[in-house]
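Please read these notes with the model open beside you.

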Amino acid sequence: MNNKYPLSSSEIGTLWLTYQEKTMILRVLEYFMEKSDDQQAKNIMGGLWQELNHFVTKMEGIFEQEGVAIPKGFTENDVNLQAPKLYDNGFDIMFLRILKEVSMGMYTLNMNMAYRDDVMSIYEGLTSTTQKVYKLSTHYLLEKGILTLPPLVEKPKTAEFIKDESYLDGFPFFKDSRALNDIEIGNLHHGIETNNIGMLLVTGFAQCSATPEIKDYFLKGKKLAKKQIETFEKLLLDSNVQFSAGAGGTVTSSAAAPFSEKLMMFCVYLLNGFGLVGSSFGTIFSLRSDLSLKTALIGKDIFFYATEGIKLMIENGWFEEPPE
């Protein structure tokens with residue numbers, strides 16, 4: 001066992017960020033479980049709550065053992081279980097599935113910066129839990145008819161190589177752009193899917209926010225998500241690709257906040273990071289120049305929106321300082 005080594009800077013940092021994310025998700029799960037009227041959804045969320053709570057306790061044990069201050073994270077003060085239902089029609093599991101997408105990416109990075117057995121075992125366990133819950137959530141949403149499959153296309157019959165650089169052209173000044181490849185279609189569909197959920201999320205947050213500047217920030221996020229959806233949908237339609245938006249999730253008329261503004265802002269901060277990674281992936285792996293440019297410009301918009309959110313969190317004393 002190599003636990004005889006002190007925690008490194010990277011391990012303290014990744015555990016700190018993981019603790020923030022996991023305590024936030026625990027509070028979100030507590031509210032959604034309280035308001036859910038679907039036993040299958042409750043079972044998925046309840047199982048995840050138990051496993052995440054176990055790993056939060058393990059992280060606290062490592063912090064205490066190593067003399068590291070336990071982060072504040074998010075507590076029962078950040079959730080209002082008495083607030084009426086803010087979201088309906090499968091939004092809870094749709095949002096949970098997005099959170100698990102974020103988590104899978106984070107654990108890969110965190111494992112790459114872990115050196116002690118006890119730290120690596122936390123990320124191994126969290127990865128296994130996340131993949132299991134992501135699979136359960138996907139099956140649940142497909143069975144309920146809430147999740148929409150990506151567009152179906154003709155199957156390739158032979159393996160081909162790109163013949164010339166015109167494959168990279170995307171601005172149809174003199175000729176039509178080439179058809180989208182399957183990687184590009186997948187990226188565009190995923191962008192529509194995640195931004196649909198993000199738009200619903202911040203719509204609800206804005207509806208129940210008590211602080212005008214925070215409400216305005218959430219409304220800006222709604223506008224940004226809508227812009228991305230419209231951009232991706234147009235790219236698909238221009239290439240004659242049929243698609244249908246997901247039917248899952250609605251925002252109720254409730255104006256009572258189920259979460260603290262601190263938690264809601266951190267949640268958007270986390271999703272902004274996920275959005276930046278997603279736009280970078282789309283920019284690099286889209287081989288048509290118009291797609292690369294548009295996803296890069298979207299990444300710029302997300303960056304400036306995220307920066308504004310961080311400043312608001314700092315001004316309101318909601319941004320816990322990472323260890324130094």
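1. N181 caps the N-terminal end of α5, with a side-chain oxygen lying 3.1 Å from the backbone nitrogen of I183; a polar contact here is a pair of N or O atoms within 3.5 Å, of which, within protein, one must be able to donate a hydrogen and the other to accept it, while residues adjacent in sequence count only if both atoms are side-chain atoms. This is a predicted model, in which local features need pLDDT of at least 70 and side-chain atom pairs count only at pLDDT 80 or more, whereas totals for chains, interfaces and linings use all residues. Residues are numbered from 1 along each chain as its sequence is written, and side-chain values use heavy atoms, with hydrogens and water left out.

2. Helix α5 itself covers residues 182-208, and its 27 residues reach 40 Å from the first C-alpha to the last, close to the 39 Å expected at 1.5 Å a residue (the expected span being 1.5 Å times one less than the number of residues). Helices are DSSP runs of H or I with at least four residues, and strands are runs of E with at least two, numbered from the N terminus. Of the 27 residues of α5, 21 are buried, so that the helix is mostly covered; buried means under 20% relative accessible area, exposed over 50%, and partly exposed in between, with a 1.4 Å probe and protein chains only.

3. Helix α2 (residues 39-65) packs against helix α4 (residues 117-143) at an angle of about 170°, with the axes 11 Å apart, which makes α2 roughly antiparallel to α4. Axes are lines fitted to C-alpha atoms, for helices over the stretch in contact, and angles run from 0 to 180 degrees between N-to-C directions; over 145 degrees counts as roughly antiparallel. The residues that meet include L48, L52 and F55 in α2 and I122, L126 and V133 in α4, where contact means heavy atoms within 4.5 Å. By class, this contact of α2 with α4 has 12 nonpolar, 5 polar and 5 charged residues; Ala, Val, Leu, Ile, Met, Phe, Trp, Tyr, Cys and Pro count as nonpolar, Asp, Glu, Lys and Arg as charged, and the others, Gly among them, as polar.

4. The axes of helix α1 (residues 9-35) and α3 come within 12 Å and cross at roughly 170°, and the two helices are therefore roughly antiparallel to each other. Among the residues making the contact are L17, I25 and F32 of α1, together with F91, L99 and M106 of α3. The residues of this contact divide into 13 nonpolar, 4 polar and 4 charged.

5. In helix α6, which has 27 residues and reaches 39 Å between its first and last C-alpha, close to the 39 Å expected, the buried residues include Y217, F218, F232 and L236. E213, also found in α6, is partly exposed at 38% relative accessibility. Its C-alpha is separated by 8.4 Å from that of L312, although E213 and L312 are 99 residues apart along the chain; not counting residues up to four places away in sequence, E213 touches L312, E315 and N316.

6. Most residues other than glycine have a negative phi. N89, in the loop between β1 (87-88) and α3 (91-112), has a positive phi near 60° and is partly exposed, with a relative accessible area of 43%. N240, in the loop between α6 (212-238) and β2 (250-251), likewise has a positive phi near 60°, but counts as exposed at 69% relative accessibility.

Definitions and conventions. Parallel < 35°, antiparallel > 145°, perpendicular 65-115°, else oblique.
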